[in-house]
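User: Hi! I have a structure open here and would like to talk it through with you. Could you walk me through it?

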Amino acid sequence: RWRRGEDEAVVLVNLVDKKGGQGRLGTLLGEVASKEGVEVGWFDFHKLARERGYDDALEVITDWMLEREEEGKVMRVNCVDCLDRTNVVQSAY
């Protein structure tokens with residue numbers, strides 16, 4: 001279910017890797033969400049943290065989330081193999 005109410009849009013924050021099995025899953029999830037009119041922000045959390053550092057990676061993701069929150073959108077955070085990425089991002093948000 002993508003919406004909590006008639007006028008309440010949901011935004012998907014996808015934290016899975018963009019390669020391998022997670023990449024295929026993330027692509028499929030994005031396709032389904034797009035068909036439903038759901039905006040998707042796909043952040044390869046591990047790669048982003050490796051390239052920019054942990055704090056900068058969190059800032060990139062949470063800034064994106066805050067922009068959507070100001071528009072009244074509800075966030076749904078997705079991860080594949082564990083809740084670590086989800087918990088880190090939600091606690092920073």
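**Surface and overall build**

Analyst: Happy to! The chain has an accessible surface of about 5,900 Å², and 45% of that belongs to carbon and sulfur atoms; accessible areas come from the Shrake-Rupley method with a 1.4 Å probe, and for residues only the protein chains shown count as cover. This is a predicted model, where local features need pLDDT of at least 70, side-chain atom pairs count only at pLDDT 80 or more, and totals for chains, interfaces and linings use all residues. Residues are numbered from 1 along each chain as its sequence is written, and side-chain values use heavy atoms, with hydrogens and water left out.

User: Which helices and strands does the chain have, and in what order do they run?

Analyst: There are four helices and three strands, and from the N terminus on they run β-α-β-α-α-β-α. Helices (H or I, at least four residues) and strands (E, at least two) are DSSP runs, numbered from the N terminus.

User: And how much of the chain counts as buried?

Analyst: Of its 93 residues, 37% count as buried. Buried means under 20% relative accessible area, exposed over 50%, and partly exposed in between (1.4 Å probe, protein chains only).

User: Let's look at β1. Is the strand mostly covered or open?

Analyst: Mostly covered: β1 spans residues 10-14, and five of its five residues are buried. Val10, Leu12 and Asn14 sit on one side, Val11 and Val13 on the other, and both faces are covered. In a regular strand the side chains alternate between the two faces of the sheet.

User: Which strands does β1 pair with?

Analyst: Two strands pair if DSSP finds at least two bridges between them. Five bridges join β1 to β3 (residues 74-78), running parallel, and there Val10 has Val74 as its bridge partner. Another four bridges join β1 to β2 (residues 39-42), also parallel, with Asn14 partnered by Trp42. Going from β1 to β2, the chain crosses through helix α1 (residues 20-35), and this β-α-β crossover is right-handed. Right-handed here means that, with the strands pointing away from the viewer, the path from the first strand over the helix to the second runs clockwise.

User: Changing topic: which residues of α2 are buried?

Analyst: In α2 (residues 45-52), Phe45, Leu48 and Ala49 are buried. They cover an arc of only 95° around the axis, so they lie on the same side of α2; the arc is that of the directions from the helix axis to the C-beta atoms. The face turned away from this buried side carries exposed Arg50 and Glu51. Just after α2, Gly53 takes a positive phi of about 95°.

User: How many salt bridges are there?

Analyst: Five, counting a side-chain nitrogen of Lys or Arg within 4 Å of a carboxyl oxygen of Asp or Glu. One of them joins Lys73 and Glu39 (3.3 Å, N to O). Lys73 lies in the loop between α3 (54-70) and β3 and Glu39 in β2, so the pair ties together parts 34 residues apart in sequence.

User: What else does Lys73 meet in a salt bridge?

Analyst: Glu71, at 3.1 Å, N to O. Lys73 is partly exposed, with 23% relative accessible area, whereas Glu71 counts as exposed at 52%. Glu39, Glu67, Arg68, Glu71 and Lys73 are linked in a network of salt bridges.

User: Where do Glu51 and Lys47 lie?

Analyst: Both are in α2, four residues apart, about one turn of the helix.
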